[in-house]
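Me: Please take a close look at one part of this model, the surroundings of the ligand. I would like one connected account.

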Amino acid sequence: MDKYIQLNQKNLSQIAATVSCPTYDRSKVSAGIVHIGIGGFHRAHQAYYADELLEKGGLPNWGICGVALLPFDDKIYQVLKSQDGLYTVMIKELNGSLSIKVIGSIVEYIFAPNNPLAVIKKMADPETRIISLTITEGGYNYDEATGEFIFENPNIQHDLTHPDAPKTIFGYLAQAFKLRKKEGIKGCTVQSCDNIQGNGDIAKKMVISYIKRAEPDLVEWVNFNISFPNSMVDRITPVTTIDDIKLLKDKTGIQDDWPVVCEPFKQWVIEDDFISERPAWEDVGVKFVEDVTPYEKMKLSLLNAGHSVLGVLGALMGYNTIDEAISNPAMNVFLRSFMDTEVTPVLLGLEGTNLRSYKDSLIKRFGNIYMKDQIDRICSESSAKIPIFILPTIQAQLRENGSIKYAAFLIAAWSIYSLGVDEKGKQLNINDAIKGELNKTAIASVNNPKLFLEIDNVFGNLKASKLFVKHYTNAYRNISKYGVEKCLIYINNKVQTND
Ligand code: CS2
């Protein structure tokens with residue numbers, strides 16, 4: 001007999017003897033939220049908050065229906081289905097202890113590629129008052145150079161010609177809104193939970209652009225009936241490994257085929273712009289504000305950008321995890337100087353927030369040795385992340401004639417990283433939607449580093465700044481000649497003469 005207990009509803013009372021489990025009656029919970037993208041982050045963040053709220057006696061009509069949108073999401077769909085939507089969150093505390101909790105807020109799940117109509121109907125259901133998204137930075141389908149929707153995307157072309165069987169979120173939303181309008185069902189809120197500055201505004205702009213082309217008669221209805229609040233979301237959620245699944249089994253006897261691993265810290269700041277009802281998130285620590293912009297900027301340009309610094313430089317140096325990278329003293333000093341010298345001066349509107357302690361806490365969070373947050377995860381899709389996490393800081397500093405040398409160093413390192421080999425000669429595992437273009441341009445840039453900046457849909461018009469190009473080219477030459485670590489020590493000691 002198997003000595004492990006499979007996680008599912010039937011076994012929940014037995015499992016509750018060992019770990020914290022939902023005490024609310026899940027059979028009474030219905031889905032008021034349809035969520036697209038049931039990956040680790042959603043399950044560590046929004047679904048976790050939803051579980052806490054249900055646990056606190058919140059209304060039972062705020063459960064979640066998880067939609068697996070892409071063909072490769074089949075695995076998470078199968079796991080959730082076989083576990084009745086239940087999964088375990090393993091919180092890796094800074095002192096090495098593990099807090100384990102079974103989450104019960106996901107009560108329905110749909111695999112969209114096999115059942116697109118079910119998704120459209122669910123999104124249009126009067127009980128669905130929120131459609132939330134974690135579709136990644138690249139999922140918003142806009143061109144960095146122009147800020148416009150990319151109609152040439154083959155999946156968008158597919159959705160325009162196959163409205164009943166969409167592949168992208170845009171096709172789904174258009175059809176769901178059309179159905180709502182036709183049946184006289186009132187509007188709902190589309191809530192982006194992705195790391196993008198003005199994530200609600202961008203979601204709105206892209207959805208409207210698509211609808212203007214796909215269903216022009218619907219534009220006005222959407223403008224009046226759908227709201228798109230901006231939000232800042234935060235919880236570091238590494239990719240779950242086989243070792244995590246085994247650790248859970250060994251510690252608790254629970255067989256969970258896809259638990260979530262995350263840090264103890266979590267934060268959610270939202271603009272209170274819900275056209276229909278919303279859960280009382282404030283009862284579980286969510287902060288509602290008039291304008292989320294300063295919080296988003298702070299998080300994206302300190303936490304996410306900090307991750308990119310540790311990720312790209314760390315990858316070149318041969319590190320595998322974020323905590324390893326930040327344990328290098330030169331890296332630690334460089335990161336803090338980047339935050340203090342280049343990011344902090346361009347963060348405005350954060351009166352009342354102690355930025356120094358926020359930065360201190362980030363350094364501690366990055367240094368959590370139990371998380372083993374993979375550098376590969378951080379560097380994945382850098383072509384969508386760098387424009388959001390790093391470029392706004394560079395642009396703001398250029399406007400103010402401020403320092404850009406740390407950020408320019410990072411971009412130079414990313415160009416070298418895109419060659420695909422670390423400083424020890426090991427192949428890098430690069431995952432990026434434009435991996436081929438990055439690699440080709442990186443190779444062409446070896447003798448003319450500036451060429452890399454000509455990837456316009458990543459860098460916009462950055463190449464037009466002579467000052468940036470100068471810092472970037474110097475950094476490129478220095479990294480190529482001396483390696484990252486020596487350069488970091490050099491910069492940290494402020495003895496760079498070619499500045
Ligand atoms: C990371 C984020 O993807 C990344 O590059 O910076 O996933 C980060 O861990 C989360 O935004 C933390 O809230």
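Reply: By class, the shell around the ligand has four nonpolar, three polar and five charged residues (Ala, Val, Leu, Ile, Met, Phe, Trp, Tyr, Cys and Pro count as nonpolar, Asp, Glu, Lys and Arg as charged, and the others, Gly among them, as polar). The model is predicted, with local features needing pLDDT of at least 70 and side-chain atom pairs pLDDT 80 or more, while totals for chains, interfaces and linings use all residues. Residues are numbered from 1 along each chain as its sequence is written, and side-chain values use heavy atoms, leaving out hydrogens and water.

The residues that surround the ligand are N195, D234, R235, I236, K299, L303, N304, H307, R377, I378, K385 and F389, where a residue is near a molecule if one of its heavy atoms lies within 4 Å of it. Helix α11 (293–317) gives the largest share of this shell, four residues, and α15 (375–379) and α16 (382–389) each supply at least two; helices here are DSSP runs (H or I, at least four residues), numbered from the N terminus.

Turning to individual atoms, a polar side-chain atom of D234 lies 2.6 Å from an oxygen atom of the ligand, and an N or O atom in the side chain of N304 is 2.9 Å from a ligand oxygen. For R377, a polar side-chain atom likewise lies 2.9 Å from an oxygen atom of the ligand; a polar contact is a pair of N or O atoms within 3.5 Å. Taken alone, the ligand exposes 340 Å², of which the protein buries 93%, with accessible areas from the Shrake-Rupley method and a 1.4 Å probe.

Note on methods. Polar contact = N/O pair within 3.5 Å; in protein donor to acceptor, adjacent residues only side chain to side chain.
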